[in-house]
Structures are given as structure tokens and as C-alpha cells.
Amino acid sequence: MDAEQFREFGKAAVDYIADYFETIRDRPVLSNVQPGYLGDLLPKDPPQNGESWRDVLQDVDRIIMPGITHWHSPHFHAYYPTAHSFPAVVGELMSAGFGVVGLSWIASPAMTELEVVMMNWLGRMLGLPEEFLNCSEGPGGGVIQGSASEATYVGLLTAKEKKVKDLMEEDKNLTEAEIKGKLIAYSSDQSNSSVEKAGLLGSMVMRLLPTNKEGQLTGETLQEAINKDKAAGLIPCYVVANLGTTPTCAFDNLEELGPICKKENVWLHVDAAYAGTAFVCPEYRHLMKGVEMSDSFNFNPHKWMLVNFDCSAMWIRDAKYLVEAFNVERIYLKDQHKGLAPEYRHWQIALGRRFRALKIWFVLRIYGVEGIQKHVRNQIGLAKYLEDLVKKDSRFESCSCSMGLVTFRLKGDDSLSKKLLQKISDRKNVFLIAGHLNGKFVIRYAVCSRLTEKRDVDFSWKEITEAAEEIVPSKIS
Ligand code: PLP
């Protein structure tokens, strides 16, 4: 394909995406295809000779589109938002277009340098302590990871190396293996599956401690668990606090957890994957009070900040520990700029890295801070609107409402809400998923798409109540 054909193909693809977004509201969110559908539509072997891009694009419409779940439909309310905006899509396109891999500063200076500046911009937007930022005097710094899962895992590996080093310096008789076998990590039973996975991958027992009625891990619970483990000869090493849990968007109290981690010399990582974006609005920053006591902090611009997947922003208060834990040098990777800019390959698991800062830059320049604030406040307002609708219907129980996430259930036995969710899913017009809160089955409604408006909340509520009518008719409620 030459540059002229690329121009035509690229422009047609952009038109296709723009048309898709203009019609997305009218498409059922969930697809109708069955497992294995695609295998029957494609030949068994790849084509021997190249085909025309027009045929390929037609097949996207014929074969791929029917199997797409419309994540950006205004009626998609499952999980948490996955960000999308046109500036970010163009950022992705340009990143692919340049095709650079930033494994060192010289591998593309603009890539490292834009990342440094973007991480400072994001940190300032959220109101993070200055010492976390690349621009501060101290050893702190920010890096773009691919996902919150990676950030939690990177935090755990760093905490592990730091703890081993600290203890071996204190007691020369201790061996690395002896220490590693005793390390323990903690989080809450409300934390994301990726937190448990970090423990699995990092060979560290991850205790998922019980939360209070509000879904928070309390200081008392953490301290008790630490005391018990220490008494059993184990070594507390890593705590993952949640600012915005996956089930109900609950916020742990960092002012309670932070001093315990300091006292016990335990690494405190903050997972604010979804809700971190809310700190762009000063009125929500009280929810991260105590953040200065954390050792690492992460949020996903790819969830709520309109920057397409993948883009996870992580800061470390003292990046030295991370670089020490991850530094593996080879002569072919060395360049003469060492020390003048971060060598981000030492801040992550992979060697290669994508030019993700470009899409952040595009989004922040085109929306501005105010544009992001407006987006966040609007989505929170829509969640409150849904919560009010739930509260007005006596058949329903509103269970939680935090940021852009509402959970609710039908009053009575769990089986009623389970049946309701099944019926809603069968209709395929809106997409909601299940959760658990205080031992009860709940339905989660997250405002996900940037296209969602009040009329879409009304649409979803109509879908919900029509399905409920078949289970608990309103006349006899
Ligand atoms: N942490 C929380 C609180 C989440 O809600 C999620 C995903 O929804 C994750 C972590 C995992 O995010 P990622 O897909 O970026 O690994």
C-alpha cells in the first residue's frame, strides 16, 4: 500500500468511525451473534494475493460490526467507562503512524519528554502532592503504564524489593528467600480482581480484608491484620487502598490507612483507577486526603478522562525504588543521556513502550481542564438523576450512589433482582451488570458513554421498569 492508497483508506476509515458514532444511539448495545459466528464467515486460510482496502472495509461492516458490543453507546452501563474521544483516537492514529518505540530517551526524545510533561500536567490537574511529580526537586515521578493492573503489580514488585533490601541491611544474616517467603500484602474484599492477581503474580499472599458497611477498609481492620501476621512471624509489605472500588465506588480513608503504613514501614499504593479523574474537580479532592502518605498512586485516564485505552497514570513518591527494582542494563540499550531524563524502560515490565502521551496531550489541549471537569460533573449529575428515579419507585431499593455509579435492587429476595437483570440483558437494549453489596445481589448502573444524556437515562429506566413489570407489577406493589 502506498501513501496515496493510505490516504484514501485512512480517510474512508475515519468516515466510517464518524458515521458509527452518529448512529450509535440507535443500535442495540449487545450483539446478537453466537460463539463461533466469525469462524464461519472467514476463509480457513489467509489470501494468497493482496486484496483491495475497499473489500476489507466492507467486511468490517459485514463481519466485525455485528459482533461489536457498543461500549460507547449512551445505553452502555456495565463495568466502568472506558474512555473515548475523537482527539484521543487521532492521538492513537498518529502514535501508530509514527510507529516509534520509546525504550530509551534517544529512541524518540519527544516521546519521553512529552510523557514527563503530561504526567506533570495530570498530577497538577488532580492536585497531587508536588513531590510525586517529575518536575519536583525530589525523587518522585510519573509514568504511563498500560493498565491499573500493571501499576498495582509494579507497585507490589517495588515494595517487595525495597522490603528485602531494608531487612537485609538491618540484619546481614537474613537471606532473600527467607524474607520473600514471609511477605504479606493487604487490600479489601472490595478491591478489583487485578489486586488479587498482583499478589498471585508477585508470589505474595494478598489478604482481602473485610470492609465496613460503606465498603471501606478501616484502619482498625488493617492494624488488626498486621498485628496478627507479625505475631505469626510474617512480614507486612504492601497495602493497596482503593479510591473508588469497582463494586460501589467506595473510598478508603487514607488519613486512617496512611499512618499505619508509615508506622509499619509498609508500601501504600492507591488504586484510583476510575474515580481518580474526579479529583480534577476540587470539590471531590477531600476524598483523597492523606494521599501524601502513599508511596504510589494510580488512576486511569482511559476510564473517565476521555483518553482511549490504554493509558494508566502512575506516580511514585521515590522513583529510585522502582528503578532499582526494575533496572536490567544491556550495552545495546545504553545512551549517553543517562540521568538527564527518565529511562522509562526501568519503570515498567516491558522493554518497548507506546507513544501514549500524544493522546493525553491532544485530549487536554482540545477539551481543556474545564472540558474534563464539565464531563465529570455531568456524568455524576446523571447518576444522581437515575438514583432519584429508583428512589421514587417503591418496588426498588437504592443501595449506593457514588460518582457516576448507582447500585440498586428489587426489594425482597435476591432471586427477583437476578431475574430482573436477566430480563434486561435479554432485551439487549441496555447493558448492566451484577454486583454484591453487604451480602446482597445488586444491579450496577454506571454512566459510561460521554454521549449519555438525561433522555438516555430515561430510556434505560424505561427498559428497567418494563422488565420489572414482568416480575413485580407496579399495580400490586
Ligand atoms: N482498579 C479498579 C478500582 C477498577 O475498577 C479496575 C477496572 O475496572 C481496575 C483496577 C483494573 O483496571 P485496568 O483494566 O486498567 O487494569
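1. Domain bounds come from an automatic or database domain assignment. On that basis the protein is divided into domain 1 (3-83) and domain 2 (100-354), and the centres of domain 1 and domain 2, taken over C-alpha atoms, are separated by 36 Å. Four residues of domain 1 are in contact with ten residues of domain 2, where contact requires that the C-beta atoms of two residues, placed from the backbone, lie within 7 Å. The side of domain 1 that touches domain 2 has three nonpolar, one polar and no charged residues; here Ala, Val, Leu, Ile, Met, Phe, Trp, Tyr, Cys and Pro count as nonpolar, Asp, Glu, Lys and Arg as charged, and the others, Gly among them, as polar.

2. This is a predicted model, in which local features need pLDDT of at least 70 and side-chain atom pairs count only at pLDDT 80 or more, whereas totals for chains, interfaces and linings use all residues. Residues are numbered from 1 along each chain as its sequence is written.

3. Lys 303 is listed by UniProt, in an unreviewed entry, under "modified residue: N6-(pyridoxal phosphate)lysine"; UniProt positions are given in the numbering used here, feature names are shortened, and annotations may be inferred rather than shown by experiment. Lys 303 is placed in helix H10 (residues 301-304), helices (H or I, at least four residues) and strands (E, at least two) being DSSP runs numbered from the N terminus. Lys 303 counts as buried because it has 25 C-beta neighbours inside 10 Å; a residue is buried if 20 or more other C-beta atoms lie within 10 Å of its own, exposed if 12 or fewer, and partly exposed in between, with C-beta atoms placed from the backbone. Leaving aside residues up to four places away in sequence, Lys 303 touches Tyr 80, Pro 81, Thr 82, Ala 83, Ala 273, Tyr 274 and Thr 277.

4. Around the ligand there are 16 residues, of which Ser 147, Ala 148, Ser 149, Asn 192 and Ala 273 come nearest; a residue is near a molecule or strand if its C-beta atom, placed from the backbone, lies within 6 Å of it. By class, the shell around the ligand has five nonpolar, ten polar and one charged residues.

5. Helix H1 (residues 3-23) has 21 residues and reaches 30 Å from its first C-alpha to its last, close to the 30 Å expected at 1.5 Å a residue, the expected span being 1.5 Å times one less than the number of residues. The number of buried residues among the 21 of H1 is zero, so this helix lies largely in the open.

6. Leu 41, in the loop between H1 and H2, is partly exposed because 13 other C-beta atoms lie within 10 Å. The C-alpha atoms of Leu 41 and Gly 276 are separated by 42 Å, and the two residues are 235 residues apart along the chain. Asp 59, in helix H2 (residues 53-64), counts as partly exposed, with 14 C-beta neighbours inside 10 Å.

7. Some backbone geometry deserves a check. The peptide bond from Phe 309 to Asp 310 is cis, with omega near 5°, and Asp 310 lies in the loop between H10 and strand S7 (312-316). Cys 249, although not a glycine, has a positive phi of about 60°; Cys 249 sits in the loop between strand S4 (235-242) and helix H9 (254-264) and is buried, with 26 other C-beta atoms within 10 Å.
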